[in-house]
Amino acid sequence: MKKRNMLLAMAAMAAAAVMTGCGESSSDGPFEPKDNINWVVTSSPGGGSDIYTRMISDIMVKDSLVNGQTIIVTNKTDGSGEIGRNEVAGTKGKKADYTLLTFNSGDLMPMVQNTKNRSSNFRILAVMAVDKQLIFKGDQTQYADFSEAIEAAKSGTKVVIGGSKGDDIATYDALIAELGIGKDMMTYITYDSTGDAITAALGGHIEFVISKPAAATEYVAAGSLIPVLALSTERYTGNLADAPTLSEIGDYENVEVPVWRGVAAPAAMSDSAAAFWSEQLKKVSETDAWNTDYLEKNKLIGNYMDMTAATEYVTDYEKDYMESMGIQ
């Protein structure tokens with residue numbers, strides 16, 4: 001009997017060791033990365049989400065916030081990003097502690113419209129910043145400014161605007177509604193990322209592009225993109241200051257659809273890992289590199305929220321958005 005009890009005890013200890021090794025238990029103390037981290041971005045390289053992700057990951061590595069491990073950023077754009085988000089939502093075991101997802105309002109909106117995924121399928125680790133958009137024209141666009149394009153559309157000439165998914169589409173919808181122009185006369189082409197839309201504008205394939213400052217800044221500096229409309233309640237600063245708000249070019253109300261930028265993880269991520277990542281993101285938000293090289297340079301508003309506050313904020317945002325769209 002003693003031998004049998006000893007064997008049972010040894011089996012129980014082995015099972016506990018397997019559970020701990022698979023990341024299923026957080027009883028072994030605070031989490032610290034001991035392997036590469038996979039960070040998924042559901043838009044193409046060069047867009048606002050990609051720039052945001054790589055800035056955070058670079059700061060984490062440079063400032064030794066990931067225990068000397070490597071962060072591998074992977075762009076997964078298939079299915080307008082839904083495949084990448086679904087993969088993250090379904091990640092289990094130890095891998096869940098090493099998987100991050102760039103998650104913005106522009107990701108959430110199409111997700112709840114087109115899939116069964118909800119924010120509860122993820123752990124919301126932090127909200128980092130708030131972003132807004134402008135409309136830019138390429139150097140091949142025939143219109144001198146956006147007010148000229150508005151008049152052209154009202155007179156029966158089709159005007160084409162390009163942009164990314166989610167919040168860019170919502171901004172376009174709000175703009176069209178305020179202008180009172182049909183979508184057949186001021187049309188919108190959806191691209192996988194803002195970077196792709198900018199490329200189309202530079203090539204003369206579309207006349208205007210909706211973009212956040214981060215994705216457009218180098219093209220503005222080079223003179224190949226010209227800001228023509230600030231989709232905000234006030235003008236931007238720096239080399240974007242020449243773009244008027246909508247109320248400045250006609251009898252319109254200003255249009256803006258603020259974009260929150262966050263970081264999420266699989267719902268299966270352990271409590272200790274989630275606490276670790278939320279704290280590291282807080283440390284990123286306090287660095288000079290984040291505040292000067294990213295926020296200030298790209299005209300974003302710093303708005304760090306920890307895991308608890310961010311989860312509540314995103315949950316409320318999702319609920320309000322679903323109600324506004326009639327989604328059950």
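1. Which residues form one aromatic cluster together with Trp-260? In this predicted model, the cluster consists of Phe-103, Phe-122, Trp-260, Tyr-313 and Tyr-317.

2. The structure holds 14 aromatic pairs. One of them joins Phe-276 and Trp-277 in an edge-to-face arrangement, with 5.0 Å from centre to centre and 80° between the planes. The pair counts as edge-to-face because the angle is over 60 degrees. Phe-276 is buried, its relative accessible area being 14%, and Trp-277 is likewise buried, at 0%.

3. A charged residue also meets an aromatic ring: Arg-261 lies over the face of Tyr-52, at 5.7 Å from the ring centre.

4. The largest nonpolar core has 32 residues. Those with the most contacts inside this core are Trp-39, Ile-56, Met-60, Leu-125, Trp-277 and Trp-290. Several elements give two or more residues to the core, including strand 1 (37-41), helix 2 (48-62), strand 4 (122-131) and helix 11 (288-298). Helix 10 gives the most, with 6 residues.

5. Trp-277 deserves a separate point. Leaving aside its neighbours within four places in sequence, Trp-277 is in contact with Phe-31, Pro-33, Ile-37, Met-60, Val-66, Asp-97, Leu-100, Leu-125 and Met-269.

6. Another core, of 24 residues, lies apart from the largest one. Among its members are Tyr-143, Ile-161, Ile-176 and Val-255. As general background, nonpolar side chains tend to be buried together in soluble globular proteins.

Notes:
Residues are numbered from 1 along each chain as its sequence is written. This is a predicted model: local features need pLDDT of at least 70, side-chain atom pairs count only at pLDDT 80 or more; totals for chains, interfaces and linings use all residues. Side-chain values use heavy atoms; hydrogens and water are left out. Rings of Phe, Tyr and Trp (its six-membered ring) pair if their centres lie within 6.5 Å; planes under 30 degrees apart count as stacked, over 60 as edge-to-face and the rest as tilted. Buried means under 20% relative accessible area, exposed over 50%, partly exposed in between (1.4 Å probe, protein chains only). A charge sits over a ring if NZ of Lys or CZ of Arg is within 6 Å of the ring centre and within 35 degrees of the ring normal. A nonpolar core is a set of buried Ala, Val, Leu, Ile, Met, Phe, Trp, Tyr and Cys residues joined through side-chain atoms within 4.5 Å. Helices (H or I, at least four residues) and strands (E, at least two) are DSSP runs, numbered from the N terminus. Contact means heavy atoms within 4.5 Å.
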